[in-house]
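Have the sequence and the structure open as you read.

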Amino acid sequence: SGVVLRNDLTGAYASKSYAAVLVTPGNGVVFAQDTNGDGLLDAQAVKSGITAPVWVKITRTGNQASGFYSTDGTTWSQIGGAAALIGPEQTLDAGVLHTSHDRAISGIAEFSKITITP
């Protein structure tokens, strides 16, 4: 579960400039990005040992995105380095996402205090 930036959140696979900050049940927090513009997350930086509840955010500066997490909502730590966005539009879609990646296992995520700052 986490937050995402993308040119178009409604378009599967083909939408460029894809980056996400995700909280996993057992692998910590992840900053993932699409490094080749095919619309799929194919590279990631991981900070293990972090478990929910946790705050996450993604920032954009020009053609770069960065992922962050906080365990107290005040002090933020970057996950990996900044990632180059491939073909970003001037305005990107921002949103939340949740998946279990296993059709036999369902999951529940609770999102609160969602803020999008232009």
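What follows goes from the overall fold to the sheet, and then to a few individual residues.

A quick word on ground rules: this is a predicted model, where local features need pLDDT of at least 70 and side-chain atom pairs count only at pLDDT 80 or more, while totals for chains, interfaces and linings use all residues. Residues are numbered from 1 along each chain as its sequence is written, and side-chain values use heavy atoms, with hydrogens and water left out.

**The whole chain**

Along its principal axes, the C-alpha trace spans about 35 × 35 × 25 Å.

Of the 118 residues, 31% count as buried; buried is under 20% relative accessible area, exposed is over 50%, and partly exposed falls in between (1.4 Å probe, protein chains only). Contacts are heavy atoms within 4.5 Å. Among those with a separation of 6 or more, 40% come from residues 24 or more positions apart.

Five strands make an open, antiparallel sheet in the order 4-3-2-1-8. Strand 4 (43–47) and strand 8 (93–97) are the edges, each pairing on one side only. Here, pairing takes at least two DSSP bridges between two strands. In general, strands of a sheet pair through backbone hydrogen bonds, either parallel or antiparallel.

| Strands | Bridges | Example partners |
|---|---|---|
| Strand 1 and strand 2 | Four | Gly 2 and Leu 22 |
| Strand 2 and strand 3 | Five | Ala 20 and Ala 32 |

Which residues of strand 3 are buried on each side? Val 29, Phe 31 and Gln 33 are buried on one side, and Val 30 and Ala 32 on the other. That makes five of five residues buried in strand 3 (residues 29–33). In a regular strand, side chains alternate between the two faces of the sheet.

The hairpin of strand 2 and strand 3 has five residues between the strands, and Gly 28 there takes a positive phi near 80°.

Tyr 13 sits in the loop between strand 1 and strand 2. Is Tyr 13 buried or exposed? Tyr 13 is exposed, with a relative accessible area of 54%. Setting aside neighbours within four places in sequence, Tyr 13 still contacts Arg 6, Asp 38, Gly 39 and Leu 40. Gly 49 is another story: Tyr 13 and Gly 49 are 36 residues apart in sequence and 30 Å apart in space, C-alpha to C-alpha.

Arg 6 also has its charged end over the ring of Tyr 18, 4.2 Å from the centre. Lys 57 lies over the face of Phe 68, at 5.5 Å from the ring centre. For a charge to sit over a ring, NZ of Lys or CZ of Arg must be within 6 Å of the ring centre and within 35 degrees of the ring normal.

Technical notes
Helices (H or I, at least four residues) and strands (E, at least two) are DSSP runs, numbered from the N terminus.
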